[in-house]
Amino acid sequence: MKKPIPIGVSPRHVHLSQDDFHRLFGSEATLTRTRDLTQKGQFASEQIVTLATAVGKIDHVRVLGPFRSATQVELALSDAVRLGLNPPVRDSGDHEGSPGITLIGPEGRIEIQQGVILAQRHVHMTPHDAREYEVVDKETVFMAVSVPAHSGNRSAQRTIIFGDALIRVHENHQLDFHLDTDEANAAGVITGDLAVLFKIGSIPMQNNRNYYPKKHLYNEYDVRRAMREGRIIIIEKGTLLTPSARDLGRGKEVFEYR
Ligand SMILES: [Zn+2]
């Protein structure tokens, strides 16, 4: 068996754009780091905001740094229910069609039109880890989560197998399986507990193959990128390949003919 992966539980939090930060905390304010998070460069700040909708509000929501290009609110489903929202499950940064919300800081309030999501459960890892676990970026896997037998008052077993765990590969990543608080509580696990990654090859999962974005014409750059990211380019009737792209991909299992 491959070595288990540590679990990191993410409570509800907010990422802010620099502009939104200043609207909430004032033009002179700085985002103050209090604690580094597991993933390199990410940190918890001193700053907190209130989230509000017509239905309810939640105080003391932590702002994480650094700044993002767009403000994003990550909730657990139970938080969303409290606020009367129905956010989609999304990878970080994908806000299309997600609901908006009001954020209130000490110096102002803003209304965002979109950006409230439930984070898709995901596993951070390096390219080296990805080879070890035989997975590729953006692939989804199963993660089995169980309270360790020795953990005192958390004695009852409530093993859960999470599907749709998104693999996220980057040089700077630390091996970590990120769950929100609802997901972690359902299994009775806390940060530092362990999860086991596995795949069920015999079940054709919808997202099992990792496809390159669909285009009419693929060039050498596309093929190189697809190979680097372990993605498949679909070749169907009418799809064009430049000669160099065709040469590069020949015999490399990067093309899927339909
Ligand atoms: Zn994460």
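The structure holds 6 aromatic pairs, where rings of Phe, Tyr and Trp (its six-membered ring) pair if their centres lie within 6.5 Å. Before you start clicking, note that this is a predicted model, in which local features need pLDDT of at least 70, side-chain atom pairs count only at pLDDT 80 or more, and totals for chains, interfaces and linings use all residues. Residues are numbered from 1 along each chain as its sequence is written, and side-chain values use heavy atoms, with hydrogens and water left out.

**Stop 1: the phenylalanines**

Select Phe 21 and Phe 25 to begin. Their rings form a stacked pair, 5.0 Å centre to centre with 25 degrees between the planes; planes under 30 degrees apart count as stacked, over 60 as edge-to-face and the rest as tilted. Both residues sit in helix α1 (residues 18–25), and because they are 4 residues apart there, about one helical turn separates them. Helices here are DSSP runs (H or I, at least four residues), strands are runs of E (at least two), and both are numbered from the N terminus.

With Phe 21 it makes a tilted pair, 5.2 Å centre to centre and 50 degrees between the planes. This pair links distant parts of the chain: Phe 21 belongs to helix α1, while Phe 67 lies in the loop between β5 (57–65) and β6 (72–74), 46 residues apart. Phe 21, Phe 25 and Phe 67 form one aromatic cluster.

Is Phe 21 buried or exposed? Phe 21 has 0% relative accessibility, so it counts as buried; the cut-offs are under 20% relative accessible area for buried, over 50% for exposed and partly exposed in between (1.4 Å probe, protein chains only). Phe 25 is buried as well, whereas Phe 67, at 28%, counts as partly exposed.

**Stop 2: the zinc ion**

Next, centre the view on the zinc ion. Which residues coordinate it? His 122 (NE2), His 124 (NE2) and His 178 (ND1) do, at 2.0 to 2.1 Å. Donors are N, O and S atoms within 2.8 Å of the metal (3.2 Å for Na, K and Ca), and water is not among the atoms, so sites may look incomplete. Along the chain, the donors follow the spacing H-x1-H-x53-H. Colour by strand and you will find His 124 in β11 (residues 122–125) and His 178 in β14 (residues 176–180), so this pair ties together parts that are 54 residues apart in sequence. His 124 is buried at 5% relative accessibility, and His 178 is buried at 15%.

**Stop 3: Ala 130**

Move on to helix α3 (residues 127–133) and pick Ala 130. Ala 130 has 7% relative accessibility and therefore counts as buried. Leaving aside neighbours within four places in sequence, Ala 130 is in contact (heavy atoms within 4.5 Å) with Met 125, Val 135 and Val 169. Then draw a distance from Ala 130 to His 170: C-alpha to C-alpha, the two are 9.5 Å apart in space and 40 residues apart in sequence.

**Last stop: the whole chain**

Zoom out to take in 6 helices and 19 strands. The C-alpha atoms fill a box of roughly 60 × 50 × 30 Å, taken along the principal axes. Of the 258 residues in the chain, 45% are buried. Among contacts between residues at least 6 apart in sequence, 65% join residues at least 24 apart.
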